[in-house]
Number of protein chains: 2
Amino acid sequence: MTILDVAERLAQTRGYNGFSYADIAAHLGVTKASLHYHFPSKADLGCALIERYQAGFSAALEVINSQSAKPMRKLHQYVGLYDSVLRNDRMCLCGMLAAEYETLPAPMQDRLKVFFDINERWLTALLQDGRRSRSFSFKESAKGRARLLLAAFEGAMLVARSYGDSSRFQSAATQLLKNLIGG
Amino acid sequence: MTILDVAERLAQTRGYNGFSYADIAAHLGVTKASLHYHFPSKADLGCALIERYQAGFSAALEVINSQSAKPMRKLHQYVGLYDSVLRNDRMCLCGMLAAEYETLPAPMQDRLKVFFDINERWLTALLQDGRRSRSFSFKESAKGRARLLLAAFEGAMLVARSYGDSSRFQSAATQLLKNLIGG
DNA sequence: GTCTATAGGTGGATAGAC
DNA sequence: GTCTATCCACCTATAGAC
């Protein structure tokens, strides 16, 4: 378990303002001071968290893209990324940080939007592909649809977590894919 | 400006863990100690915040119900409640608190779910009415649809706020109403 | 790299005068 | 009801020994 592993879990369950160096130190059995050697300030740690999360997410998106699957199957796999986070009793890191946006250091705010932008671009491309191949059917702009899906997934995670009921997320995602994109 | 007014704004913009008695006191020009006279603990204040927010929301829902408008018009008015919050540069109080759920005192957690439950019930009833009168058309359960709408609205607010762009919310809401409920 | 020790600040909360 | 004064716990962060 690395510092980032522990910090990530804490940030995804309690939020950036909901954990401290002391929490991480306690979980790892080290002192707070040693953490500052690796991440001088909490803002540094926060930026590293988003960057690593982003990198992991991007890698997962590439894996999905590398398969020659139908667009709808790729979309289901995308939903699976969120679902696995939720089943791990966590909220999407960036959805969590979005709530705390106004309290975040500026460098974290910037990286947060990059995460959403990358997801939006990936989803937009998938939706365009799917519509071209007549796998998807929708009238609005692909970008608008992508934004809607992303926001709806984040919101569904947010509410599902309050109820400790991941089926709420799955129900929402299923409806979205069936009624909003539907072939 | 009352204590609750100031605290509400802070909670909606910075989150429950993102403001302190000192912040409220500074905005009101009083001391922290005097705040504790009205709300002994921060949990008391938090509960009062949710209860007042809930009461205001319920009152707004009754106003909508009291009109003899078409179901779709009522739904648009419901969306307008969220939109006005966002235009005020705020996030829905309960969407905000949902992110911080795990760090909240138990009494706040309970009240938070009550808020969502009440919204879900109101939306479910409206969707059922609309379907009965053939104003709405959807195949899934009204309850499932209600949950989806609520979660999607919260998520759309969440993301829109990070971009400081309320049109992102409006675009999402418009798509949801047109494609998910559509007549 | 990790430790001890500590600084300087802020958190929520209380006692008691007015 | 609001104030001053204060408490103690916790926060982020640094200095310097090992």
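Visitor: What makes α2 (21-28) and α3 (32-38) of chain A, together with α3 (32-38) of chain B, part of the surface near DNA strand D?

Guide: Each supplies at least two residues of that surface. A residue is near a strand if one of its heavy atoms lies within 4 Å of it, and a helix is a DSSP run (H or I, at least four residues), numbered from the N terminus. This is a predicted model, in which local features need pLDDT of at least 70, side-chain atom pairs count only at pLDDT 80 or more, and totals for chains, interfaces and linings use all residues. Residues are numbered from 1 along each chain as its sequence is written, chains are lettered from A and ligands numbered from 1 in the order in which they are written, and side-chain values use heavy atoms, without hydrogens and water.

Visitor: Which helix gives the most to the surface near DNA strand D?

Guide: α3(B) does, with four residues.

Visitor: Why is the pair formed by H36(A) and a base nitrogen of DNA strand D called a polar contact?

Guide: A polar side-chain atom of H36(A) lies 3.2 Å from the base nitrogen, and a polar contact is a pair of N or O atoms within 3.5 Å, so the pair qualifies. A polar side-chain atom of S34(B) likewise lies 3.4 Å from a phosphate oxygen of DNA strand D.

Visitor: How do you know that the length of α5 (residues 71-87) of chain A agrees with its number of residues?

Guide: The expected span is 1.5 Å times one less than the number of residues. The 17 residues of α5(A) should therefore span 24 Å, and the end C-alpha atoms are 24 Å apart, which agrees.

Note on methods:
Polar contact = N/O pair within 3.5 Å; in protein donor to acceptor, adjacent residues only side chain to side chain.
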